[in-house]
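Reader: I am new to this structure. Please show it to me, and then let us go through it step by step.

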Amino acid sequence: MAKTVVSFRKALAYFIAFTVFIVAAVILLNYFVPEIISPHYPWYLIFNFVIYALALYIMLNVSRKHDPEKFVMIFLAATVGKMLLAMIFILIMVMKTSTEPVKDAILFMTIYLIYLTQELVVLMKSRKIEN
């Protein structure tokens with residue numbers, strides 16, 4: 001049976017490149033348009049980086065051991081888990097520390113969706129099917 005294999009080096013290179021791009025974009029936005037960036041943005045970047053780095057590590061290990069159908073199911077389960085963790089995180093941040101909850105929530109979800117897109121691009125560009 002065919003097996004989906006994700007190249008670790010390719011995935012890591014894409015992940016690091018996208019992360020540098022995301023951090024640079026947020027820092028530039030904070031410099032040029034500081035009124036749209038929340039003061040909590042470093043926590044949002046750290047949270048998303050850690051969650052997606054762990055998910056990428058799990059996907060890389062799973063891709064070596066299972067067939068493509070299990071890979072897809074595990075990917076979907078990991079995505080739902082990340083989404084639940086993100087909702088809990090933003091709820092805690094908004095309830096405890098935010099003075100502008102709408103701005104915080106929009107910034108966090110924007111960073112979250114960019115990281116989600118990044119994960120999909122990394123996995124699609126670095127995967128291959130082996131027989």
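This is a predicted model: local features need pLDDT of at least 70, side-chain atom pairs count only at pLDDT 80 or more; totals for chains, interfaces and linings use all residues.

Reader: How far apart are the end C-alpha atoms of α1?

Author: Start from the count: α1 has 25 residues. At 1.5 Å a residue, α1 should span 36 Å. The model agrees, because the end C-alpha atoms of α1 are apart by 36 Å.

Reader: How much space lies in the largest pocket?

Author: Rolling a probe the size of a water molecule over the atoms shows where empty space is left. For the largest pocket, the space comes to about 210 Å³.

Reader: Which residues are the closest to the centre of the largest pocket?

Author: The lining of the largest pocket has 13 residues. Eleven are nonpolar, one is polar and one is charged. The closest to the centre are Val-26, Leu-29, Leu-107, Thr-110 and Ile-114.

Reader: Which element gives the largest share of that lining?

Author: Two elements give two or more residues to the lining: α1 (8–32) and α4 (101–126). The largest share is six residues, and it comes from α4.

Reader: Is Leu-107 buried or exposed?

Author: Leu-107 is found in helix α4. Its relative accessible area is 9%. The cut-off for buried is under 20%, so Leu-107 is buried.

Reader: Which residues does Leu-107 touch, not counting those up to four places away in sequence?

Author: Take Tyr-44, 63 residues from Leu-107 in sequence. In space the two are 8.3 Å apart, C-alpha to C-alpha. With that count, Leu-107 touches Ile-37, Ser-38, Tyr-41 and Tyr-44.

Methods: Residues are numbered from 1 along each chain as its sequence is written. Side-chain values use heavy atoms; hydrogens and water are left out. On a 1 Å grid over the protein atoms alone, a cavity is a set of points where a 1.4 Å probe fits but cannot get out, and a pocket is an open set with protein on both sides within 12 Å along at least five of seven lines; lining residues have an atom within 4 Å of a point. Grid points are joined across faces, edges and corners, and a volume is the space filled by probe spheres set on the points. Helices (H or I, at least four residues) and strands (E, at least two) are DSSP runs, numbered from the N terminus. Ala, Val, Leu, Ile, Met, Phe, Trp, Tyr, Cys and Pro count as nonpolar, Asp, Glu, Lys and Arg as charged, and the others, Gly among them, as polar. The expected span of a helix is 1.5 Å times one less than its number of residues. Buried means under 20% relative accessible area, exposed over 50%, partly exposed in between (1.4 Å probe, protein chains only). Contact means heavy atoms within 4.5 Å.
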